[in-house]
Amino acid sequence: MTLLDALEEIEDTRIDRCKKHELVDILLICLLGFFIGLTDIESIAYWAKKQKDRLTRIIGLKNGTPSADTIHRVLAMIDDKQLEKVFFSWTHGMFKAHPPEKDKIEVVAPDGKRQKRRAHRFSMGRQAGNCTCTGQSR
């Protein structure tokens, strides 16, 4: 299952006449932005605008890139539990298809410090130069 396939499982509750951008396109742009280290929606929208040609070749973007306001509105209406389920299902499938060697996995805290509490659950698994990020809300 590709990331696009996984994201298409998320229900789009927006009114049809108000949909200028596909839900899967917005979610993919957000995840790609997160994967490259962007930490806020305005940065993701700016990056997407700068990468419009490349993103259009990959996912279509028939109406251009979504604005930061559009991304905010769409993310606010997404069921975060459904997104979490779909994303973890996709990452689980990726690890199952390409299992890492047990001695090659490294857990890294996002702020560079050691993970001290179990409630702080954000980890990064690295395998031979590849990186997979997973997170969990409290």
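# Reading aromatic pairs, a core and a helix crossing

User: Which residues form one aromatic cluster here?

Analyst: Phe34, Phe35, Phe87, Phe88 and Trp90 form one aromatic cluster. Keep in mind that this is a predicted model.

User: How many aromatic pairs does the structure hold, and how is a pair described?

Analyst: Two values describe a pair of aromatic rings: the distance of the centres and the angle of the planes. This structure holds four aromatic pairs. One of them joins phenylalanine 87 and phenylalanine 88, with 6.2 Å centre to centre and 65° between the planes. That pair is edge-to-face, because its angle is over 60 degrees.

User: Is each of these two residues buried or exposed, or partly exposed?

Analyst: Buried means under 20% relative accessible area. Phenylalanine 87 has 13% relative accessibility, so phenylalanine 87 counts as buried. Phenylalanine 88, at 28%, counts as partly exposed.

User: What kind of pair do phenylalanine 87 and tryptophan 90 form?

Analyst: A tilted one, with 5.8 Å centre to centre and 40° between the planes. These two residues are three residues apart in helix H6 (residues 80-97), so about one helical turn separates them. Tryptophan 90 has a relative accessible area of 14%, which means that tryptophan 90 is buried.

User: How many residues does the largest nonpolar core have, and which have the most contacts inside it?

Analyst: The largest nonpolar core has 27 residues, and Leu7, Ile10, Ile29 and Ile71 have the most contacts inside it. At least two residues of this core come from each of helix H1 (3-7), helix H2 (23-35), helix H3 (41-50), helix H4 (52-59), helix H5 (68-77) and H6. H2 gives the most, with eight residues.

User: Which residues is isoleucine 71 in contact with?

Analyst: Neighbours within four places in sequence are left aside here. Isoleucine 71 is then in contact with Ile26, Cys30, Ile41, Ile44, Ala45 and Pro66.

User: Where do the axes of H2 and H5 stand relative to each other?

Analyst: To read a helix crossing, take the approach of the axes and the angle between them. The axes of H2 and H5 come within 11 Å and cross at roughly 105°. Angles of 65 to 115 degrees count as roughly perpendicular, so H2 is roughly perpendicular to H5.

User: Which residues make the contact?

Analyst: H2 brings Leu23, Ile26, Leu27 and Cys30, while H5 brings Thr70, Ile71, Val74 and Leu75.

User: How many residues of this contact are nonpolar, polar or charged?

Analyst: The contact of H2 with H5 has seven nonpolar residues, one polar and no charged.

Methods: Residues are numbered from 1 along each chain as its sequence is written. This is a predicted model: local features need pLDDT of at least 70, side-chain atom pairs count only at pLDDT 80 or more; totals for chains, interfaces and linings use all residues. Side-chain values use heavy atoms; hydrogens and water are left out. Rings of Phe, Tyr and Trp (its six-membered ring) pair if their centres lie within 6.5 Å; planes under 30 degrees apart count as stacked, over 60 as edge-to-face and the rest as tilted. Buried means under 20% relative accessible area, exposed over 50%, partly exposed in between (1.4 Å probe, protein chains only). Helices (H or I, at least four residues) and strands (E, at least two) are DSSP runs, numbered from the N terminus. A nonpolar core is a set of buried Ala, Val, Leu, Ile, Met, Phe, Trp, Tyr and Cys residues joined through side-chain atoms within 4.5 Å. Contact means heavy atoms within 4.5 Å. Axes are lines fitted to C-alpha atoms, for helices over the stretch in contact, and angles run from 0 to 180 degrees between N-to-C directions. Angles under 35 degrees count as roughly parallel, over 145 as roughly antiparallel, 65 to 115 as roughly perpendicular and the rest as oblique. Ala, Val, Leu, Ile, Met, Phe, Trp, Tyr, Cys and Pro count as nonpolar, Asp, Glu, Lys and Arg as charged, and the others, Gly among them, as polar.
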